[in-house]
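Reader: I have a model open beside its sequence. Could we go through its pockets and a few local features?

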Amino acid sequence: MAVAEDYETVLQGKYPAKAHVKRVIELIRDKVPNADGILYLEGRMTKMLEDNDSPEHFRQRRYFYYVTGCNLPDCYFTYDFKTSKSILFIPPIDPDDVIWSGLPMSPEQALEQYDVDEVKFTGDVNPTLAHLGTANPKGTVYAIANQVSDFVTFIEFENKDFTILKDTIEVARAIKDDFEVAMIRKANNISGHAHKAVFEKASRAKNEAELEAAFLEVCVSNQAKEMAYHPIVAGGRAAATLHYVPNNASLQGKLNLLLDAGAEWNNYASDITRTFPISGKFSKESREIYDIVLKMQNDSIDMIKEGVNWDDVHLLAHRIAIDGLLALGILKGDKDEILVNRTSVAFFPHGLGHYLGMDTHDCGGDPNYSDPDKMFRYLRKRGPLPAGSVITVEPGIYFCNFIIEPYLKDPSHSKYIDASVLDKYWDVGGVRIEDNVLVTKTGYDNLTTVLKEANELEALMAAAA
């Protein structure tokens, strides 16, 4: 896999679309031996805003991008099993549009940029499908349900399968190649600089919005204009809301800021969280919780390697949280009883992490959101970790009234919680620390380089004050 120093060298090449198609074909043939025919996929089409003459923000379909590396709207793709030939169809020149938007990419430019065998205009889609069907009438068209335009016809093909392709690409996407890792690494690098900028500005900021702007400025200036998700910039008790949205509250009188933000690089995400003191110095209670969460994260990361069961790593994080909260007196009683009773879920209600790739919560994790065990219900990855996957490790401890109060009212849980000690910690809000980790055969490679040791964070902020 690409190391930190050479990811830019890797990214000088083409996105490995042909290798991705080959992997998809192999996986299809694992399910359907001797499968033959074509793959057919469509990119995201231009869609106008309702009651407006401007288009919606464009976001390429991830299934299409995986097999093409093409980030243009209104495109189509075919791949012939028999000839191993891939064709990308791009929009032709629209003279009226050129007035406003300039010349579009030409077939020659597209062929040079993308890892495909041929580039045609979109008007050639149906004639090409007819030709492919005539040449291989007993073959199967593998396409994705509800992602085929009304004008497209597969009339020459005897068989059509709209069920297997989407799931197969999702399985393929779980294992990243060197190029994909390099893009995630670059997204992490840019996002890391942006997190640092927020650390340095925090003590002088008056509103959460100022810090969101500081993060975005660094990302955009480094040509990472797309965020992997809406940034979470949560001051004080708002940090107890896992997916806090407003990012517009005053920071006055608040202890900590939780910043969960990551940019994309060419559709590949980063997902990084840091929690730090707004003043530049942790309060006693904040530091106590921070140290527990950091141990949860470090010990969890140290477990990672090929074949490790992610459920077991998640369970370890809960055990560490229980030990830490017992030491502070927030929890009381027998630690094994607390674990079995799932009382720690009141403070750590979400899963330890999820796959990361073209989506922030990437596909292929096989979650079970109907799991009766509430400790595992929101764990987005279940089972063993394969080498080549990228997973987030994001433990947290939160002091959310809405979540904790039902536990305080339930005798089966309240006997393990000391409410008088708990009262000292509400203003901590929540602490989450999140890194993006590549799973290897013998261990892991942490792709996130943002500071997270408490003393180092305080020193950086003091130097910037």
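Author: Helix H8 makes the greatest contribution to the lining of the largest pocket, giving three residues. This is a predicted model, in which local features need pLDDT of at least 70, side-chain atom pairs count only at pLDDT 80 or more, and totals for chains, interfaces and linings use all residues. Residues are numbered from 1 along each chain as its sequence is written, and side-chain values use heavy atoms, without hydrogens and water.

Reader: How much space lies in the largest pocket?

Author: The largest pocket holds about 620 Å³. A pocket is an open set of points on a 1 Å grid over the protein atoms alone, where a 1.4 Å probe fits, with protein on both sides within 12 Å along at least five of seven lines; lining residues have an atom within 4 Å of a point.

Reader: Which residues are closest to its centre?

Author: Of the 28 lining residues, Tyr-65, Asn-71, Trp-265, Asn-266 and Asn-267 are the closest to the centre of the largest pocket. Two or more lining residues come from each of helix H3 (62-68), helix H8 (178-201) and strand S9 (264-265). Helices (H or I, at least four residues) and strands (E, at least two) are DSSP runs.

Reader: And the second largest pocket: what lines it?

Author: The second largest pocket, with about 520 Å³ of space, is lined by 16 residues, and Pro-73, Asp-74, Pro-91, Asp-97 and Pro-104 lie nearest its centre. Helix H4 (residues 95-101) gives the most to this lining, with three residues.

Reader: Changing topic, what is the strand order in the open sheet of three strands?

Author: The order is S12-S15-S16, with antiparallel pairing; two strands pair if DSSP finds at least two bridges between them. Strand S12 (390-393) and strand S16 (444-446) are at the edges with a single partner strand each, so one side of each has no neighbour in the sheet. From one strand to the next, the twist averages 35°.

Reader: How many bridges join S15 to S16?

Author: Three bridges join strand S15 (residues 435-439) to S16. Val-437 has Asn-446 in S16 as its bridge partner.

Reader: Last one: is Gln-223 buried or exposed?

Author: Gln-223 is exposed, at 65% relative accessibility; exposed means over 50% relative accessible area with a 1.4 Å probe, protein chains only. Gln-223 has a positive phi near 70° and sits in the loop between helix H9 (208-221) and strand S7 (232-235).

Reader: What about Asp-366?

Author: Asp-366 also has a positive phi, about 50°, although not a glycine. Asp-366 is in the loop between helix H12 (335-341) and S12, and is exposed at 58%.

Terms used: Grid points are joined across faces, edges and corners, and a volume is the space filled by probe spheres set on the points. Axes are lines fitted to C-alpha atoms, for helices over the stretch in contact, and angles run from 0 to 180 degrees between N-to-C directions. Buried means under 20% relative accessible area, exposed over 50%, partly exposed in between (1.4 Å probe, protein chains only).
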